[in-house]
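This report concerns the structure shown below.

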Amino acid sequence: MESLKDVKIGSDLFDESIYGQCTLFIPPGTRWAYRHHEVFGKFKNIEIEFEE
């Protein structure tokens with residue numbers, strides 16, 4: 001499995017309006033990595049995804 005730092009995503013992947021309108025669901029234990037990522041860190045709403 002690749003780590004988040006190994007994933008290459010361009011900063012122009014999403015329209016700027018998306019960052020405030022959508023919620024990014026992330027795996028448990030990864031909040032810091034996503035919050036500090038160049039692209040994913042732009043999301044205003046980041047929630048932990050729970051497994052059932």
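The model is predicted.

**Nonpolar core**

Nine residues make up the largest nonpolar core, which has 9 members: Tyr-19, Leu-24, Ile-26, Tyr-34, Val-39, Phe-40, Phe-43, Ile-46 and Ile-48. At least two residues of this core come from strand 1 (23–26), and at least two from strand 2 (45–48). One of the core members is Leu-24. Leaving aside neighbours within four places in sequence, Leu-24 is in contact with Tyr-34, Phe-40 and Phe-43, as well as with Asn-45, Ile-46 and Glu-47.

**Aromatic pairs**

The structure holds 4 aromatic pairs. The table describes two that involve Tyr-19, among them the pair with Phe-14.

| Aromatic pair | Centre to centre | Between the planes | Geometry |
|---|---|---|---|
| Phe-14 and Tyr-19 | 6.0 Å | 85° | edge-to-face |
| Tyr-19 and Phe-43 | 5.1 Å | 80° | edge-to-face |

Tyr-19 lies in helix 1, whereas Phe-43 belongs to the loop between helix 2 (31–35) and strand 2, so their pair ties together parts that are 24 residues apart in sequence. Phe-14, Tyr-19 and Phe-43 form one aromatic cluster.

Phe-43 counts as buried because its relative accessibility is 4%. Phe-14, with a relative accessible area of 29%, is partly exposed. The cut-off behind these assignments is that buried means under 20% relative accessible area. Tyr-19 and Phe-43 are also members of the largest nonpolar core.

**Gly-20**

Gly-20 lies in helix 1, which comprises residues 18–21. At this position the relative accessibility is 45%, so Gly-20 counts as partly exposed. Not counting residues up to four places away in sequence, Gly-20 touches Lys-44 and Asn-45. Gly-20 and Asn-45 are 25 residues apart in sequence, and their C-alpha to C-alpha distance in space is 7.2 Å. Asn-45 is also among the contacts of Leu-24.

**Summary**

Notes:
Residues are numbered from 1 along each chain as its sequence is written. This is a predicted model: local features need pLDDT of at least 70, side-chain atom pairs count only at pLDDT 80 or more; totals for chains, interfaces and linings use all residues. Side-chain values use heavy atoms; hydrogens and water are left out. Helices (H or I, at least four residues) and strands (E, at least two) are DSSP runs, numbered from the N terminus. Buried means under 20% relative accessible area, exposed over 50%, partly exposed in between (1.4 Å probe, protein chains only). Contact means heavy atoms within 4.5 Å. A nonpolar core is a set of buried Ala, Val, Leu, Ile, Met, Phe, Trp, Tyr and Cys residues joined through side-chain atoms within 4.5 Å. Rings of Phe, Tyr and Trp (its six-membered ring) pair if their centres lie within 6.5 Å; planes under 30 degrees apart count as stacked, over 60 as edge-to-face and the rest as tilted.
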